[in-house]
Amino acid sequence: MPQPESQTAKSIFISYSRTDREACIQLRLELEKAGLVVFQDEAGIRTGDRWLSKLQQALQSCSAFVLLVGQDGIQRWVGAEVQVALIRHLSPHDDAERLPIFPVLLDDAKPESLPPFLSLFQADRWQSSDPLSQGLIEVISTHSIRADGEMVFEGCPFLGLSAFGKGDARLFFGRRLETLEALTYLGDQQQSNPEQLHPSGSATYTRWLQIEGNSGSGKSSLVQAGMLPMIEQGVLWARTGFEHWQILGPMMPGKNPLEKLAETLEQGLIADPAKRNSLDRLERLKKDPRALAFTIKDFKQANSAFLLIVDQFEELFTFADESERKQFDVLLATALKDPECPLFLINTVRADFLDRFEYLPNLQSIYNNYCKRYFLPLISIQGLEEIIEQPARVARLDVSEITTAILNDAKDEIGALPLVENALWLLWQQRQDHKLSGEAYRGQGGIAGMLSQQADALLDRIEQQAPKKGKQAALELLLALTRVNDEGRNTRKRISRADAVYAAGKGDSKLGELVLRALSGERPEGALNTGHHQVLRLVTIIEEKSPQGDAQQFVDLIHETLVRARAKTDNTQQAEGYWSTLYRYLEQNPDRESLRQQLSFKAKQWQNSKTTWGKIWSLCYSYAELKNYRKLSIRVATLEDRFLAWSKRVQIALLLLLLSITLYAAESILWIQQHDLSPEMILTLQRFRLGYAPLPVLTEKPVPPGDLMMGEQDAAFIANLGENVWYFGVPGKSIQITRPFYLGKTEITYEQYDYYVWKKHRAGNTEIAFPNTAKGGRGNQPVVNVSWLEAVAYTEWLSKQTSQECRLPTEAEWEYAARAGTTTAYPWGDELGSNNANCDGCGSRWDNKEAAPVGSFTANRFGLYDMSGNAWEWTCSSWSDTFDGSEQQQCNEDTSDQQNRVLRGGSWFVGPDGVRASVRYSYLPDNRTDSIGFRVLCSSPIE
């Protein structure tokens, strides 16, 4: 259309690549020959800082924008100029003030090379050797805005309640200006020369863009259908200095954001599916906060950057596992702060969850300096008009009867965008002769009424397929997919397909599947497909793969409009839902979600209890509470189901407890008599039966690597040894412990060993006997009267219980741990002192009488108790009179080998010399006495 006469004297801006300079010169001559003033920037705008401002000023004074597109397409500077031109074209509401854009395709340039937003403008093809067509000169002269008359879309151009994806870019209208504005928030904010940009993580260079907005504002569509296609065309080069972009995602955090991140990285970075290893990537992400940054740096290339898209960021606050959320937080923050890591982040988040960022402390700490926030307001009336008329134009549809009516209905609606899209989608199904009917629109109650009528009709169809229970089952499923909130701020809640089927059918899987398929838009078997009146889809079923490669399906509401309240007006003082039937059902069951959350919390608390008594204490004992929980659809074999089952069992058990005590006590007495055990074992047995599982306590920190001069070092002492030198490691030997390991803080106790024997008996292996009781009793006393063979068998069992590699220590490991960095006769010094250990003459109350309870004396520097005295300790080393290397490098665990094994540490009945750090003794592996026990080592340094 013609521009005002006052603008006709303004110049024509020509945008071109350097490779097309000759064509540009020819175009300029053609236009000047026609009497037009041409602005052709050679260097001025593209040099120095604030160049974008200069470009904006130049375009402000131009009346038309001519874009030359050669075989190289649109790159670098041209892309930046196109972006500014598009903003100037889209910004005014009045067409008379818009900047006309004229794409000109040179030689063999293809229309597909145009960015999505330019595909709407009619493009002219021109050979630079030919004269410019008079028609093109005419429209440029009159500053006419021409739409692409050849662009025709087959099928429905409206997406209904579904979000726009990258493939829908050419149908994405109403938000194009917001798209271009949001893109300017990434990269350099000072408009430096892009060829000289050096991203440094400063406040002027932004790599994190957060798209905020209310539910229904179209955040996901803006990113996927608006921003991503433009980014892939290189539009960010002007502000970031990066021309090529690797898109990672979009991903949604879900319950396990680290798993989603691992899968997103593998799929985005590794083209060959056979070479992907999401599980390995997941393990790296879990272990190291720098893993994401290093991954990106491993794949980076010159002039390329990576863009991670995280949609529905609020799932980190409402749905994600806490430990994974914390690691996800630190991974993103670490990568964004790393100036050498070319990772950019775009995330979408609902505005009503912005106060939850305290749950992401690492990202919160860089929020103000590293994040640019773009608030996406609810779509304007002008935007809604565009999403009605522009798709209709490319699909050759007549919307003249409905445009004004829809805009009038939408102006006061908070959730207008999805409602309008849904109405258009439905009217397209009912079209006649390419015309959307105003009568059909009014007859179905407008944008809100159409959604409500469609949804109610779907419930009626489900009820027909499953009489007397289908509608109720569908409402139950929709309720399970909703987090009910105050004031109608209900939100979606994604659940697994199995949970969805159970919620709908309450155990009837056939009914549950029928309802789920109907709500997801699947046609019933036998229904005719006429091409019209397609079935409404209220839920989506998404299949996702775990890092282990297992596929799992999840169910989600297609849009939150289904469960949200409409804005209150003077006539509606009470909240009303867009779909009144479902909204009323949610209001009638306000406590269902809170009950579910309460049950989930209690079940997790029960699961995390570390002892049987703790689990029993965490169960529910209230009959009234259990009755309330029965309202919920709890799937069989879930944690909540097990919790309720155990709660019911315990209630019954309490009634039977008094009757059981007598029989239980009698059976326990018989048991200890059969095994020749002391009466104290009755209580121990009950603890085992109730879940008490005493296992060795290892050092909190590993014993660190280091060097050691093994054996006795006191020359004066050695001089008096005579023939007994080999019992003190003479001559000594220098050894090196190269890897850390964990060692039992104390010797294995009777209680720990008794538990092992009891477990073996329970498994049917009654050949393993309980060791004879020592003088001091059982319980916390060090277990004695066990042979080397029995000690080895215990370590093998312990390895399976703890999923660690446990064994007896080598002689070298034992002495290194006992000395704990000292070179003195005893771990505490060269003098014996008093009450530092238990031996004949050590000054303790147990001297030469019996073993002391473990941990009765001060620990050494490594936190190890009783390394001197109390009980000899088996090692896994074979005896050798002198050190020959086997004491460090070999662990003889051959149970058929009858060589003597090394004992270390002394015991309660030997003298002070017998508890020196260097003392050693040998014993046959199948022998046992009341002074020999053992302790365990895990995470051995021996390879």
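Biologist: Setting aside residues up to four places away in sequence, which residues does Lys 260 touch?
Modeller: Happy to start there, keeping in mind that this is a predicted model. Lys 260 lies in helix H8, which spans residues 257-269. Not counting residues up to four places away in sequence, the residues that Lys 260 touches are Met 251, Met 252, Pro 253 and Glu 544.

Biologist: Is Lys 260 buried or exposed?
Modeller: The cut-off for buried is under 20% relative accessible area. Lys 260 has 14% relative accessibility, so the lysine counts as buried.

Biologist: Let's move to helix H5. How many of its eight residues are buried?
Modeller: H5 covers residues 176-183 and is mostly covered. Its buried residues are Arg 176, Leu 177, Glu 178, Thr 179, Leu 180, Ala 182 and Leu 183. Of the eight residues in H5, the number buried is seven.

Biologist: Which elements do the buried residues of H5 pack against?
Modeller: The partners include both helices and strands. Two of them are strands, S8 (208-213) and S12 (371-376). The buried residues of H5 also pack against the helices H3 (76-90), H6 (219-232), H7 (237-240) and H15 (381-394).

Biologist: Which residues is Leu 477 in contact with, leaving aside its neighbours within four places in sequence?
Modeller: Leaving aside neighbours within four places in sequence, Leu 477 is in contact with Ile 495, Ala 500, Ala 503, Ala 504, Val 515, Leu 516 and Leu 519.

Biologist: On to strand S22. Why is S22 described as largely enclosed by the rest of the structure?
Modeller: Let's take its faces in turn. On one side Trp 872, Trp 874, Cys 876 and Ser 878 are buried, and on the other Glu 873, Thr 875 and Ser 877 are buried too. S22 is therefore largely enclosed by the rest of the structure, because the buried residues number seven of seven.

Biologist: Which strand does S22 join in the antiparallel sense?
Modeller: S22 pairs in the parallel sense with S25 (residues 932-933) over two bridges, where the partner of Glu 873 is Gly 933. On the antiparallel side there are three bridges, and the partner of Trp 874 is Leu 903. Those three bridges join S22 to strand S23.

Biologist: Which cysteine forms a disulfide with Cys 876?
Modeller: The S to S distance in this disulfide is 2.1 Å. Cys 876 is in strand S22 and its partner is in the loop between helix H33 (886-889) and S23, so the pair ties together parts that are 15 residues apart in sequence.

Biologist: How many residues apart are Cys 806 and Cys 938?
Modeller: A disulfide joins these two cysteines, with S to S at 2.2 Å, and both are buried. The torsion about their S-S bond is about 95°, so the disulfide is right-handed. It links distant parts of the chain, with Cys 806 in strand S21 and Cys 938 in strand S26, and the separation in residues is 132.

Biologist: With the bonded cysteines numbered in sequence order, what is the pairing?
Modeller: The structure holds three disulfides. One of them joins Cys 839 to Cys 842 (S to S 1.8 Å), and this link is right-handed, with 95° about the S-S bond. In sequence order, the pairing of the bonded cysteines is 1-6, 2-3, 4-5.

Notes
Residues are numbered from 1 along each chain as its sequence is written. This is a predicted model: local features need pLDDT of at least 70, side-chain atom pairs count only at pLDDT 80 or more; totals for chains, interfaces and linings use all residues. Side-chain values use heavy atoms; hydrogens and water are left out. Buried means under 20% relative accessible area, exposed over 50%, partly exposed in between (1.4 Å probe, protein chains only). Helices (H or I, at least four residues) and strands (E, at least two) are DSSP runs, numbered from the N terminus. Two strands pair if DSSP finds at least two bridges between them. A disulfide is a pair of cysteine sulfur atoms within 2.5 Å. Contact means heavy atoms within 4.5 Å.
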